[in-house]
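Trainee: I am new to this one. Please take me through it step by step.

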Amino acid sequence: MCGIVGYVGTEEAKDIIIDGLRRLEYRGYDSAGIAIVNDGSIIVRKHVGEIINLEKLIGNEKISGNIGIGHTRWATHGAPSDLNSHPHLNEANSIAIVHNGIVENYIELKAMLKEKHNVSFKTETDSEVIAMLIGAYYEGDLKEALLKAVSIIRGAYAIAAVAADNPNELVAHRKDAPLIVGIGKGCNFVASDFSALVKHTDDVYLLENDDTVILTRDSIKILDANEKQVQRTLMHIGWSAEAAEKGGHEHFMMKEILEQPAVVKETIKRRLNEDGIIEFDEIKIGLNELKSFDKIYIVACGTAYHAGLIGRYAIENMVKIPVEVDVASEFRYRNPLVDEKTLFIAISQSGETSDTLAAIKEAKGKGARILSIINVVGSSVARESDDVIYTWAGPEIAVASTKAFITQIVCLHMLSLYMGRLVGTISNRHYEEFISEMLKMPEKIDEVLANRSEIEEYAKDLYSREKVFYIGRGLDSAVCLEGSLKLKEISYINSFAIAAGELKHGTIALMDPDTIVIALATQDKLYEKMLSNIQEVKSRRAHVITITKDKNRSISDSSDETIYIPDCLDELTPLLSVVPLQLFAYYVAKERECNIDKPKNLAKSVTVE
Ligand code: F6R
């Protein structure tokens with residue numbers, strides 16, 4: 001996914017922008033570039049491939065200037081190449097722009113620009129038309145020219161622009177693509193994602209659709225769609241620069257796995273008042289509206305979808321409203337039965353997943369109330385939602401989601417407790433007991449993490465196998481899906497998750513001595529049923545690793561290896577049982593020498609359908 005960083009201040013813009021681009025690397029990109037206003041002209045340097053290539057290209061060249069823009073590109077229109085990389089310049093090389101999104105009518109605009117303004121295009125991109133348009137309209141006022149340009153562009157865009165003859169002003173605009181303004185001391189920023197700014201500021205303005213911002217080093221002027229000056233919400237993000245660094249760990253993924261006790265604690269703490277009552281200041285749904293919902297949809301992709309499956313159990317148990325869980329890419333193509341009596345819950349770490357966004361729009365169009373659970377503040381999903389619950393997991397850099405998943409589950413539990421208490425479907429005693437058990441979870445996750453060397457040993461023995469099955473029942477089957485996804489995405493092993501009761505309906509045919517079966521048996525009510533399933537695969541000579549509660553010591557006779565998690569409420573076991581699965585995937589991928597933080601073919605934010 002493309003990334004934008006813009007800076008105006010007193011320091012060398014080049015260094016600040018390149019550092020910001022590095023912090024956006026995790027989102028995936030295929031080229032990078034910068035444009036710096038320098039002594040009445042604009043210096044552009046761009047290169048295909050990683051940011052290191054751009055840095056090598058610049059080498060010791062002195063590119064001085066206190067204002068500039070930078071971009072990481074994920075090719076859509078035009079192959080990844082030096083030429084197609086951003087920033088793009090106008091005909092006279094006096095305006096530079098970076099762009100995220102898509103210009104839908106670029107062919108028609110190109111023709112118009114060629115005919116009326118006699119410009120010649122150098123790239124295959126849609127974005128170059130923006131530079132050419134601004135250049136054609138520019139008469140000394142960059143904001144005016146940008147506004148004129150966007151008035152005839154169709155599509156989705158976040159744009160940042162600088163002009164060679166104005167070294168004091170950076171102008172940006174957004175429509176259906178994220179863009180935030182970072183408030184610095186003696187400097188200001190724009191960025192597509194807060195991670196780019198984490199080293200410089202903690203305070204941001206979230207721009208709304210059709211906002212334009214004019215930045216100088218000591219002023220920020222935001223104009224709305226009617227060009228009226230407005231004040232936007234100031235958000236204090238509270239992410240430390242260290243949170244986005246590896247902090248001595250070999251991989252972000254391991255760092256993020258180890259952060260899980262702390263982020264679970266934080267996610268709970270932010271909503272629990274002094275009397276132990278859950279408060280969601282972010283939710284504006286009143287009691288009457290809550291009572292009016294006759295159905296809840298939870299819609300998400302990948303790992304977030306797995307959190308949704310766990311959320312269904314929590315909400316149906318606590319709130320007694322039927323919940324359907326759907327993958328976002330399927331939801332809108334099946335004409336879902338959504339209306340004003342539907343609560344639609346979207347879950348997304350990035351808040352930028354295009355399938356999830358499209359599903360939200362579908363549900364919104366049919367009158368549903370949209371509540372989202374997301375990690376990245378100010379992201380597009382947040383903007384499309386009526387209510388937003390932030391997971392407060394901090395920056396998640398590794399492509400494979402771990403700590404975001406665990407905080408999504410915590411938020412879903414808290415939401416179901418909150419709603420259940422409000423509508424009166426749970427007793428005070430149950431409510432209090434559940435919260436008290438939840439508060440013990442960070443410590444219990446720590447206990448699981450403390451045994452990670454055991455899992456590392458299993459991974460060392462088994463990493464070369466090519467077939468892994470995850471089996472479980474009830475909540476465990478949702479965790480199995482997540483464990484299997486983690487393994488396949490970072491180790492490229494063909495793994496498969498199945499509800500254990502389904503095995504005998506076909507899949508058991510695949511069991512043989514080369515197969516690893518990871519069996520989750522954490523649910524008290526289903527424990528004996530799981531024992532039978534374990535026997536079934538064991539008798540086909542599969543290698544079985546069982547994950548179960550501490551109290552179930554006798555299971556070790558039926559498994560090759562057993563991983564124990566601390567005893568806890570059945571409902572809360574996913575917060576513990578997923579951890580060994582994350583660790584197993586990590587250690588296996590490490591043994592197989594895979595690129596753990598950036599697996600092949602995957603990006604952190606999936607902004608294409
Ligand atoms: C897997 C993973 C993906 C994401 C999915 C949705 O580790 O990270 O499956 O969960 O692409 O992304 P978000 O949560 O950003 O909407």
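Trainee: Is Lys320 buried or exposed?

Mentor: Buried means under 20% relative accessible area, exposed over 50%, and partly exposed in between (1.4 Å probe, protein chains only). Lys320 has 53% relative accessibility, so it counts as exposed.

Trainee: Before we go on, from what number are residues numbered along each chain?

Mentor: This is a predicted model: local features need pLDDT of at least 70, side-chain atom pairs count only at pLDDT 80 or more, and totals for chains, interfaces and linings use all residues. Side-chain values use heavy atoms, with hydrogens and water left out, and along each chain, as its sequence is written, residues are numbered from 1.

Trainee: Back to Lys320. What is its phi?

Mentor: Start with its place: Lys320 sits in the loop between α9 and β17. Such helices (H or I, at least four residues) and strands (E, at least two) are DSSP runs, numbered from the N terminus. Lys320 is not a glycine, yet its phi is positive, at about 60°.

Trainee: Asp176 has a positive phi too. In which loop does Asp176 lie?

Mentor: Asp176 is another residue other than glycine, with phi near 55°. Its relative accessible area is 36%, so it is partly exposed. Its loop runs between β8 (166-175) and β9 (180-183).

Trainee: Which residue does a cis peptide bond join to Pro87?

Mentor: Pro87 is in the loop between β4 (67-73) and β5 (88-89). The cis bond has an omega of about 0°. The partner of Pro87 is His86.

Trainee: Now the strands. How many residues of β16 are buried?

Mentor: Side chains in a regular strand alternate between the two faces of the sheet. In β16, one side holds Lys295, Tyr297 and Val299, the other Ile296, Ile298 and Ala300, and all are buried. β16 (residues 295-300) is largely enclosed by the rest of the structure, because the buried count is 6 of 6.

Trainee: In β18, which residue is the bridge partner of Val299?

Mentor: Two strands pair if DSSP finds at least two bridges between them. β16 and β18 (residues 342-348) run parallel and are joined by 5 bridges. The partner of Val299 is Ala346.

Trainee: Which residue stands opposite Ile563 of β25?

Mentor: All 5 of the 5 residues in β25 (residues 561-565) are buried. Its partner is β24 (residues 543-549), in the parallel sense over 5 bridges. Opposite Ile563 stands Ile547.

Trainee: And which residue stands opposite Val388 of β20?

Mentor: β20 (residues 387-390) is covered on both faces: Asp387 and Ile389 on one, Val388 and Tyr390 on the other, all buried. β20 pairs in the parallel sense with β19 (residues 369-374) over 4 bridges. The residue opposite Val388 is Ser372.

Trainee: What volume does the largest cavity have?

Mentor: On a 1 Å grid over the protein atoms alone, a cavity is a set of points where a 1.4 Å probe fits but cannot get out; lining residues have an atom within 4 Å of a point. Grid points are joined across faces, edges and corners, and a volume is the space filled by probe spheres set on the points. The whole structure has 4 cavities of 30 Å³ or more. The largest has a volume of about 110 Å³.

Trainee: Between which domains does that largest cavity lie?

Mentor: Among its 16 lining residues, Arg27, Ser192, Asp193, Ser350 and Val376 are the closest to its centre. Domain bounds come from an automatic or database domain assignment. Both domains give residues to the lining, so the cavity lies between domain 1 (3-244) and domain 2 (252-439).

Trainee: How far apart in space are Phe252 and Gly20, C-alpha to C-alpha?

Mentor: Phe252 is in helix α6 (residues 252-258). At 13% relative accessibility, it counts as buried. Phe252 and Gly20 are 232 residues apart in sequence; in space, C-alpha to C-alpha, the distance is 17 Å.

Conventions: 1 Å grid on protein atoms, 1.4 Å probe; cavity = no way out; pocket = protein on both sides within 12 Å on 5 of 7 lines; lining within 4 Å.
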